[in-house]
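I opened this entry to look up the overall build and the pockets. My notes follow in the order I checked things.

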Amino acid sequence: MGASLQNSKFIDKFTEFAAKLGSQVHLSSLRDAFATIMPLYILAGLAVLFNNTVFQWILSGPALVSAQYWGNLLVNATLNISSLLVAAVIGYCLSRNRGYENPIAAALVSLATLIIMMPGSVTVIPDGASDGVSVSGVLAFSNTGTQAMFAGILIGLAATELFIFVAGIKKLQINMGDSIPPAVGNSFSVLIPFLLVMSFFAVISAILNNAFHTDLITIITVMIQEPLRGVTTGLLGCVILYSLGNFLWLFGIHQTVIYGSLLEPLLIVNMTQAMAAYAAGEPIPNIINVAFVPAFGMMGGSGSTIALIIATLLFGRNKATRTICKMSAAPGCFNINEPVIFGYSIVYNITMIIPFVLLPAIGIIIGYAATALNFMNECVVYIPWTTPPLLSGYLATGGDFRAVLVQIVIIIIGVLLYLPFVKINDRVLSKTASEDNE
């Protein structure tokens with residue numbers, strides 16, 4: 001009795017902690033921001049896919065170069081300004097979640113501050129030249145694109161928080177009265193906070209440049225982004241974090257509390273770098289990214305429950321679970337599995353949580369090994385998470401049929417892994433029903 005009470009208290013406390021983590025304003029703002037930007041990255045993925053597969057299948061020579069110019073423009077407008085997009089949208093989402101009444105102003109400050117923190121001169125290599133030259137007065141894709149995404153995140157959060165604080169000081173607000181248009185009034189209201197916040201960051205940027213000959217973008221990228229990304233998006237870190245997120249389903253907590261808040265932003269950085277490298281014909285810098293994890297660790301949704309549906313329909317004997325799986329098969333093909341999670345159910349089901357956590361980890365490990373051993377291409381196309389299994393592997397890898405074979409192997413392993421637990425769950429349900437009848 002005492003042990004049961006202690007377990008209940010632990011579950012309650014753990015659930016409360018996870019819920020608070022998921023609702024933390026900065027993490028929820030990151031989720032909102034990336035959800036807003038996601039269509040642009042999917043568009044970039046399509047452009048990369050067409051440029052490097054479809055166009056190359058049907059065109060060659062000058063015609064190919066002309067067609068690929070279309071894709072290059074889309075890449076420039078999405079991947080190559082990633083840090084600018086992220087900073088502005090984070091400023092908007094964070095200020096909105098903070099209840100600030102002028103989120104557009106916060107987005108402008110966030111975007112402008114990121115540019116303030118960029119270096120005043122960059123080294124570029126002219127077309128046809130082999131040596132780089134220093135150029136002033138330009139924004140380079142190296143500072144506005146995928147390499148500076150994490151800097152865009154941190155600067156966006158910091159600049160927005162400071163701006164909201166300063167803008168909340170009544171004495172710094174200029175009130176023009178009700179006789180002028182609201183847009184003009186709002187502009188004057190934030191004029192002094194604009195000046196103070198941006199001047200503050202400009203002083204920091206000037207000190208870094210004049211005293212240390214560096215800039216904040218470089219510092220964040222080298223000292224924070226790359227070490228953190230190397231740990232969390234490496235094979236071990238990704239498996240641990242993603243498995244922990246899936247384990248939260250046992251308590252009815254959505255896995256995005258962990259995945260969407262802590263892992264996905266860094267996986268998106270990996271994804272944008274992979275797409276940029278693929279578009280430029282360069283070696284892919286990483287294996288695990290935001291297209292890789294769903295393709296090999298989320299087939300059918302969290303827990304890779306497409307395997308559970310197949311195992312139940314083929315070998316299950318319980319009428320209720322078979323009915324649920326029949327109803328869940330169609331949405332499961334598009335990685336929507338809430339009917340399975342809450343109907344089967346996975347929530348508070350110790351029996352089913354074991355394969356539910358293990359299979360995605362196994363899928364990620366198999367996909368990683370297949371890529372590292374050059375059996376299949378890297379995932380280089382950002383595809384919607386609702387892309388059906390098998391098609392997702394083919395598209396994410398830029399049209400590699402071998403990725404489909406890897407997914408089939410993972411599904412087969414998943415069916416075999418889920419099978420004994422399906423039978424155990426059937427017996428538990430049968431025994432429970434008998435006891436209820438008695």
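What percentage of the 438 residues of the protein count as buried? I get 49%. I keep in mind that this is a predicted model.

**Overall build**

I looked up the secondary structure next. The protein has 19 helices and two strands. I then took the extent of the C-alpha trace, which spans about 80 × 60 × 45 Å along its principal axes. The accessible surface comes to about 20,600 Å². Carbon and sulfur atoms hold 68% of that surface. For contacts with a separation of 6 or more, I find that 71% join residues 24 or more positions apart.

**Largest pocket**

I turned to the largest pocket and read a volume of about 570 Å³. Its lining has 31 residues. Thr 256, Tyr 259, Glu 264, Met 298 and Trp 385 lie nearest the centre. Helix 2 (25-58), helix 12 (259-279) and helix 13 (292-297) each give two or more residues to this lining. By class I note 18 nonpolar, 10 polar and three charged residues.

**Second largest pocket**

Here I read about 430 Å³. I list 17 lining residues, with Asn 80, Ala 276, Ala 277, Ala 280 and Glu 282 nearest the centre. Which helix supplies the largest share of this lining? Helix 12 does, with four residues. Helix 3 (61-77) and helix 6 (141-144) each supply at least two. The lining divides into eight nonpolar, eight polar and one charged residue.

Notes: Residues are numbered from 1 along each chain as its sequence is written. This is a predicted model: local features need pLDDT of at least 70, side-chain atom pairs count only at pLDDT 80 or more; totals for chains, interfaces and linings use all residues. Side-chain values use heavy atoms; hydrogens and water are left out. On a 1 Å grid over the protein atoms alone, a cavity is a set of points where a 1.4 Å probe fits but cannot get out, and a pocket is an open set with protein on both sides within 12 Å along at least five of seven lines; lining residues have an atom within 4 Å of a point. Grid points are joined across faces, edges and corners, and a volume is the space filled by probe spheres set on the points. Ala, Val, Leu, Ile, Met, Phe, Trp, Tyr, Cys and Pro count as nonpolar, Asp, Glu, Lys and Arg as charged, and the others, Gly among them, as polar. Buried means under 20% relative accessible area, exposed over 50%, partly exposed in between (1.4 Å probe, protein chains only). Contact means heavy atoms within 4.5 Å. Accessible areas come from the Shrake-Rupley method with a 1.4 Å probe; for residues, only the protein chains shown count as cover.
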